[in-house]
Amino acid sequence: MNESKFTIEHHSIGDIKCLKIQGYLDAHTAPQLESAIGNLVQEGKHKIIVNFSELDYISSAGLGVFMVYIEDVRELGGDIKLSEMKPKVFTVFDLLGFPMLFEIVENNHAAIAKFSN
Amino acid sequence: MSSELVNDKIRNNFTLFYLAAFIALALKIILDAIFVLADRAPASFGLISSSILAISFVSGILIGRFGQVSTSIDRHRAGNAGSLILDGGGRILTITLVGLLGGILLMLIFSQSSSQDPSGMFESVIMNLVGAAFHYIAIETILFIYFALYIRRHEKTKKFCKILAVGILVIYILDLLGKLAQEANNPLAGISAFVLCIMLLLTIGRTKWIALLTKQEKKKLVWQSALGFFIFTFFSVDCFTDHITQLPKSIDFFLYGSSSIVGVAMMFSAVYSARLFFPALVALPTASAVDRRNSEVSSLTHLNRIIAETIDFDMLIENLTQRSLEVSRATSAWCELYSPTGERSIASLKYINKEQIDWLYSFAAFESLVSKSTGTNLIESFEEYEELAPLASYQKPIARSLIVVPLYEGLSKIGALIVLNTQSFGFENDDMNVLSSFGDNISVALKNARLIRESISHERIQHEIQVARQIQNKLLPQKIPVISGYDIAPYSLPATEVGGDYYDVITLQDGKIAIFMGDVSGKGVPAAFYMAELKGVVLALAQEVRGARDFLCKINATMFGNIEKQTYITLSCVVIEPDSPKISLARAGHMPFLVKQHGGVSVVTPRGLGIGLAKSEVFDTLLEEYFLDLSVGDACFLFTDGLSERQNSQDKDFGYEPILDILRSPSAESAQMIIKEVMKAVEYHAGSFPQHDDMTCLAFIYRGKGVDNSKRNLDHFEESLMIKPEYDSQTS
């Protein structure tokens, strides 16, 4: 219903790539994000932050996207860190147990700090 | 059927008239022969009876033919007057020519006497036959002109036809009177005939149909009308003047004084021929251009009809190629289509084969010519282009000139029509124009065909999804086992799309009952497949698990690595024991349990990951199991996010709170009641806002040891499975 209302902004912070996602992440828009992360991984960028500050909604299919590359990225010494989630979005991640699998941080600075450790 | 019967009847009546006519003719021939044999001039009564027989013959033929012609006029539309007149005229011409030559020949051989009357019986028979034949010819010509005029069906024309008939009769009577009065020259008949001819000329006003004839037909009309003019003129002059041939003698012998009538008929025909000759001659030089325009128009019309009707893409392309060849001066043509990746495929070809096309494309110049044409492109001669010249240098080249018509769908070029001519300057500009308009039309057609094809495939997919949904519904429990001490009610309301909601009530090896509520991530057919897989895994494990946590761990161990990385399943499991208040709960990433216990309600969220997200070591370590001790009347509510995330028009989720309120209220006395209240509340919340996700939920209540709810439950089960509750209509 809100398929057009999903956008991804790319930023670089040193060797860290930040994807700022906005709008609705559901079964229709999930492939966009999947290919965006896939491209970064192919380019050899393994330190990825996904910023959720402007994400309004995430569906089960949207959550699945983060599972696709996490293993590959970690094997290569990188990670996908999730930052600045709205409470409602966090609840969805939390119910599924994602905080036990991913580092979910308050903001990009925290994520960068974690990468540099 | 009835109209055929009527036609048959009419045809039979015509046959009767002909029969009567021929009997009259036979009688007349015999009668005249007898008079000649008796070697004396027939007495007046003999002459009269002979004349009556002749008139009977003429009338019979006239009425019979008139009837036939009238019915055929009714059947024909005025639109194709041209070809009808042409065909009819040709026939009349042939008959007249044969009659004329045959008659002259017969009269030359058999009639030596110069007197009006036959010298022998044999001559009398011949003269009668020839006379009858010419009356027939006269009738045919008159009727033909009548037909040619009448096809317009104007009031004026009808009036003239009547005048024509009366006029002919008047001429005959005048002529007859003149002859009876032994006047050598009777000007009256001639003058009347002349007047009628002028009228005829004026009446044949519309000759527009000549313009619509093809070049071939026009040529035919020119020589037909020219020949007709000479023959008819000769014959009418013969009849009116001092008889050049012996023919009028026979005509007069057959019916006294009738040569003038036949003459008038011939004069009419001559006038009519002359009237047609000039427009036909004038139209001749422009005929091929008109033909061409006509064929373009009809090709475009035809193509447009095909475009409107055809859903068969291949047939459309085939037709396009064929029509292009017909309408242009091409010697060969093909149509190629490009795939989204730019590969070329030949969709249809005429008078050229694939090897020849490949050969053409082996020239880079040709390749770039076709690929770079953005609009219709005419190459008049390959020899004028240095790069293309080699193509034309062969003894028998495939092409020396060509037209490329790119085919578009929207803005993207999806193919090209290429027509070739083996001659240099084989095409003209109007070939290019008409093919260009073909290109425009076909673009519309291609779009239509694609839309139709897509809608058909969409329909098929819809049907398959329907089947998938039916199968999926079969995977949900058709019957809930009766559990002593517990009251259980499930409810599932599917959305339009196939989803991955799952619930189940399974009896384990040790007699305990496992209640599942789950949801496969994503939607559609993949989700439905994983749900089916989950059901299989659950059934397979049912005989070896102990407890809710164990069950979920084993499901994850089985499924992790066997499903796609981005797919996971959230699943809650409650294990209960008949007649026991002790229950255990575990949650693999699913929605929390809503529990009413000891007078209070709570959201119970044991820790746990979704199934398929992590390997056993991680998953098992993180999965918690809660043990609860229920009191009589305590309840538990399981659901999928389709329920809690059911939105209304203000994008507000339904949430858990309304459900907790219902659990809290005293009205929640049975599992069925809880379900009903929850569904009522969610309907009230969402209003008419469309439902995007399956909504599935299940409630159970502990009734106390030994309380059998089987009877009560059975009343509700059938209606509770997949069926919308009956209070639907009240809440909106």
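**What the terms rest on**

In this predicted model, B:Leu571 stands opposite B:Ala588 in E10(B).

Q: What makes strand E9 and strand E10 of chain B a pair?
A: Strand E9 (residues 569-576) and strand E10 (residues 582-588) of chain B are joined by five bridges in the antiparallel sense, and since a pair needs at least two bridges, the two strands therefore count as paired.

Q: Why are strand E7 and strand E13 of chain B called edge strands?
A: The open sheet has five strands in the order E7-E8-E9-E10-E13 (chain B), with antiparallel pairing, and strand E7 (501-507) and strand E13 (625-629) each pair on one side only.

Q: How do you know on which side of helix H14 of chain B the buried residues are?
A: In H14 (residues 364-372) of chain B, the buried residues are B:Ala365, B:Phe366, B:Leu369 and B:Val370; because they cover an arc of only 130 degrees around the axis, they are on the same side of H14(B). On the other side of H14(B), B:Ala364 and B:Lys372 are exposed, that is, each has over 50% relative accessible area.

Q: Why is the link between A:Lys88 and B:Asp653 called a salt bridge?
A: The closest N and O atoms of A:Lys88 and B:Asp653 are 3.7 Å apart, and the cut-off is 4 Å between a side-chain nitrogen of Lys or Arg and a carboxyl oxygen of Asp or Glu, so the link qualifies. The count between chain B and chain A is two salt bridges.

Methods. Residues numbered from 1 in each chain as written. Chains lettered and ligands numbered in written order. Predicted model: local features only at pLDDT ≥ 70, side-chain atom pairs only at ≥ 80, totals over all residues. Heavy atoms only, no water. Buried < 20%, exposed > 50% of the residue type's maximum accessible area, 1.4 Å probe, protein only. Helix = DSSP H or I, 4+ residues; strand = E, 2+ residues; numbered from the N terminus. Arc of directions from axis to C-beta.
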